[in-house]
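Here's a quick tour of the model shown below. Have a look at it first, then read on.

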Amino acid sequence: MESKDFICHDLKTDPPDVSQGLPSALKLVPILFYLVGVASIILGAWFAISMKTATESKKYWSGEISRLKRDNERLAAETADIEKQNGRAREVVEWMEGAQGVQPLSVAVTRSLAPSVTLSELSLTRNAEIPNQLYFTLKLDGAGPDQLEQTLTGIRAMNFQDYSAQQVKTDDLLDYKATLIWQNPN
Amino acid sequence: MKEKQTACVIVFLLAFAMGYGMKKFHATLVERQAEARAAEAEARTEENLRENTEKQLAVLKMGTRSLRDYFDQWLPHLGSAGAVEKEEQKIFDLIKSAQIFASSQRTEVKAASGDKEAFIPQKLSAHLVIQDNYTKTMNWMGSLEEALPSCRIANIKLTRGVSRNDVQVEVTIDFPLIASGNS
């Protein structure tokens, strides 16, 4: 019996042992990747926390801005209201300064007259532009300088000061004109 | 070899992408922080403005308190442009109650100021001619100025009357009228 040995020739070449390693420069890539990965996790967490803080801070300060702006608007409105009231008050003060009693002045003039003197005319006209000024005209019969001085003393006692006085004496008639300015005693 | 290089490139790109992402994230963070700081700075400015305004308002209030008190005190004595008849009646009632003889009496509403927005834009002018006893007339004038303290005698002319104790008074009395809605 013929033995038939099965001969198998291994024709394949041996595979290379291992593939060639990467160039040394490229070996840094995975290291770089891990470093960047770790850094990204750490920095990402830090940035996220910082971002949350910054967002909250912005939200808080935006709220404060809105509140403060409302406060400032309210204060501006209040200031405008006070200014308006002051403007009105100044108008009233101006009016009232031109509303001093004329009756006491008229009485003071007539009371200052001696029995021998007759009042011919007493006129008081308020200056439309400067209401605390009065154009004063006095015409007296039988009056002399003493009488006029006495009358002016009475006028000054009522806190009126005479300016730009003009005096004309013809026969018995004394014509006196002046501007009276009220002096605030306060 | 080629696959490894490709893998390296991919890994490198991933690393680059992470780095780039972080850079973008940081830029956004810096921007947000800058916004927060800007908001804080604006809030501080607004706060300073508020503090200054509050101080100025307090000074203004304190400095003009007497002025506004004066205004509050006189406001009830001012007439209203919307109730001229009422103000006229006050003057005529005073003439009637004093029982003095007014030979002429007329009233008119005039502009008190060139400014239409003024608080006292108009005035009621009463033109009266009184012929009566001197004492009675002077007492009436005194009571008029007392009863209507805001009235302003624009002009007055006293001359001798018919008899010795009589006097003729030509007087124009102005009464302030505030715009309707201000009273």
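How are helix 2 of chain A and helix 4 of chain B oriented to each other?

## Two helices across the contact

They're roughly antiparallel to each other, where angles under 35 degrees count as roughly parallel, over 145 as roughly antiparallel, 65 to 115 as roughly perpendicular and the rest as oblique. The axes of helix 2 of chain A and helix 4 (residues 134-147) of chain B cross at roughly 150° and come within 9 Å. Those axes are lines fitted to C-alpha atoms, for helices over the stretch in contact, with angles running from 0 to 180 degrees between N-to-C directions. Helices and strands here are DSSP runs numbered from the N terminus: H or I with at least four residues for helices, E with at least two for strands.

On the chain A side, A:Gln103, A:Ser106 and A:Val107 meet B:Met138, B:Met141, B:Gly142 and B:Glu145 of chain B's helix 4. By class, this helix-helix contact has 3 nonpolar, 3 polar and 1 charged residues. (Nonpolar covers Ala, Val, Leu, Ile, Met, Phe, Trp, Tyr, Cys and Pro; charged covers Asp, Glu, Lys and Arg; the others, Gly among them, are polar.)

A word on provenance: this is a predicted model, in which local features need pLDDT of at least 70 and side-chain atom pairs count only at pLDDT 80 or more, while totals for chains, interfaces and linings use all residues. Residues are numbered from 1 along each chain as its sequence is written, and chains are lettered from A and ligands numbered from 1 in the order in which they are written.

## The whole interface

Chain A puts 58 residues into the contact and chain B 56, with residues in contact if their C-beta atoms, placed from the backbone, lie within 7 Å. On the side of chain A that touches chain B, helix 1 (24-97), helix 2 (103-111) and strand 1 (118-126) each supply at least two residues. Helix 1 gives the most, with 39 residues. That side of chain A divides into 29 nonpolar, 20 polar and 9 charged residues.

Strands join in too: strand 1 of chain A pairs with strand 4 (residues 152-160) of chain B in the antiparallel sense over 5 bridges, where pairing takes at least two DSSP bridges. A:Leu122 sits opposite B:Leu158 of that chain B strand. Also in strand 1 of chain A is A:Ser123. Leaving aside neighbours within four places in sequence, A:Ser123 is in contact with A:Thr137 and B:Lys157.

## A hairpin in chain A

Strand 3 (residues 160-170) and strand 4 (residues 173-182) of chain A pair in the antiparallel sense over 9 bridges. They form a hairpin with 2 residues between them, and A:Asp171 in the turn has a positive phi of about 50°. A:Gln166 has A:Lys177 in strand 4 as its bridge partner. Strand 3 is hardly covered: of its 11 residues, the count of buried ones is 1.

## Chain B overall

Chain B has 4 helices and 5 strands, in the order α-α-β-α-β-β-α-β-β along the sequence. Its radius of gyration (taken over C-alpha atoms) is 39 Å, well over the 16 Å that the globule rule gives for 183 residues, so chain B is more spread out than a compact globule. That rule is 2.2 Å times the number of residues to the power 0.38. The C-alpha trace of chain B spans about 140 × 30 × 25 Å along its principal axes, and 23% of its 183 residues count as buried.

Technical notes:
Buried ≥ 20, exposed ≤ 12 C-beta atoms within 10 Å, placed from the backbone. Contact = placed C-beta atoms within 7 Å.
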